[in-house]
Amino acid sequence: MPPVTLACHAMATRFELVLHGQNPAALRAAGEEAIGQIQQLETQLSLFRPESEISCLNAHAARGPVRVSPNLFALLQQAQRLSEETHGAFDITIAPLVRCWGFMGGSGRLPRPDELAEARAKVGMALVRLNPGDLTVQFSREGVMLDLGAIGKGYAVERAADVLREAGVTSALVHGGTSTVQALGPPPGETCWKIAIESPSPSPQTPPLPLTTVPLKEEAMSVSGVRGKYFESGGRTYGHIIDPRTGEPAIGAVLAAVVLPSATETDALSTALLTLGAAGHDAIAKLRPGMRTLVVSESGGRSQAEAKGLQLRSAA
Ligand code: AMP
Ligand code: MG
């Protein structure tokens, strides 16, 4: 039986669903419900929609507490915990720095030192107060802005997979822009889904090399990469993932991947691992039992890959 496939555009990327089973009509109905869930989350969480719940929160929370939907409050609490666990490497208050480096809706630029200093003063989870009593969020100063860009796609993939599971789908793959993928069961006749990761090429002339093939079963994987969005200046590459500790684009790694049961967690933690680079690999890999990780760093035009629980295909 050929799989049923569905796709939609949301969160500035393409989400795709591949569903296996015996009843194509039921699979399509489940897939359409999952797509509906992704689109609903896009409407709620997108920074690029002025009417989204996150945009309204960003616009008003410096002036007083703003009540948010229970699911958004839970996601913000989860983001806060992940920020604490990664010692701030993952930080959803990064938005002023993302904007200052020209990556918010643009492809990047060098900021002036005064712009950078101003943006840094508006970043840090300590500036966000979450009140579980009444599900309100308040910022302690003007200019604080939340960006769910490093966790929202994973959250949407996970919620879509939940919808499929509840509809009785037992074999499926859901991905958002190929950066986060969640597997339900294995494909028919196989023991697991097999997802390839390519080594990022240092230049457009160099083709990417296959780095590893990750077996996935009832698990999610996220990949974060510097070259997802970047610009070059003075011989240096500046990527869209910002190290909150320095206020500068992260330089510790060019690619990071994380495998865990939850796509929300893999999304946040692959961004954290990219931020910390090889120096933070042990610390991130210890956060969850059974976590599989990969970090690729570059120096002097050569790249080096380090994996935990994943088999590297060849020297990167
Ligand atoms: P991802 O591709 O999941 O690693 O997410 C990258 C996006 O998350 C960036 O384009 C920014 O919008 C945002 N971001 C950048 N740096 C960080 C960070 N250190 N923590 C959380 N979000 C970040
Ligand atoms: Mg991420």
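Predicted model: local features only at pLDDT ≥ 70, side-chain atom pairs only at ≥ 80, totals over all residues.
A150 lies in the loop between β5 (136–139) and α6 (152–166), and D267 lies in helix α7 (residues 263–276), so the pair ties together parts that are 117 residues apart in sequence. Helices (H or I, at least four residues) and strands (E, at least two) are DSSP runs, numbered from the N terminus.

Is D267 buried or exposed? D267 is buried, with a relative accessible area of 7%. Buried means under 20% relative accessible area, exposed means over 50%, and partly exposed is in between, with a 1.4 Å probe and protein chains only.

A word on conventions. Residues are numbered from 1 along each chain as its sequence is written, while chains are lettered from A and ligands numbered from 1 in the order in which they are written. Local features need pLDDT of at least 70, side-chain atom pairs count only at pLDDT 80 or more, and totals for chains, interfaces and linings use all residues, whereas side-chain values use heavy atoms, with hydrogens and water left out.

I turn to a pair of helices. Helix α1 (residues 24–45) and helix α3 (residues 70–85) pack at an angle of about 75°, their axes being 12 Å apart. Axes are lines fitted to C-alpha atoms, for helices over the stretch in contact, and angles run from 0 to 180 degrees between N-to-C directions. Contact means heavy atoms within 4.5 Å.

Next, Y238, which is found in strand β12 (residues 236–239). Y238 is buried, with a relative accessible area of 10%. Which residues does Y238 contact, leaving aside its neighbours within four places in sequence? They are W101, F103, L110, K229, Y230, F231, S233 and P249.

Finally, the whole chain. The chain has eight helices and 17 strands. Of its 316 residues, 53% count as buried. The C-alpha atoms fill a box of roughly 60 × 50 × 35 Å, taken along the principal axes.
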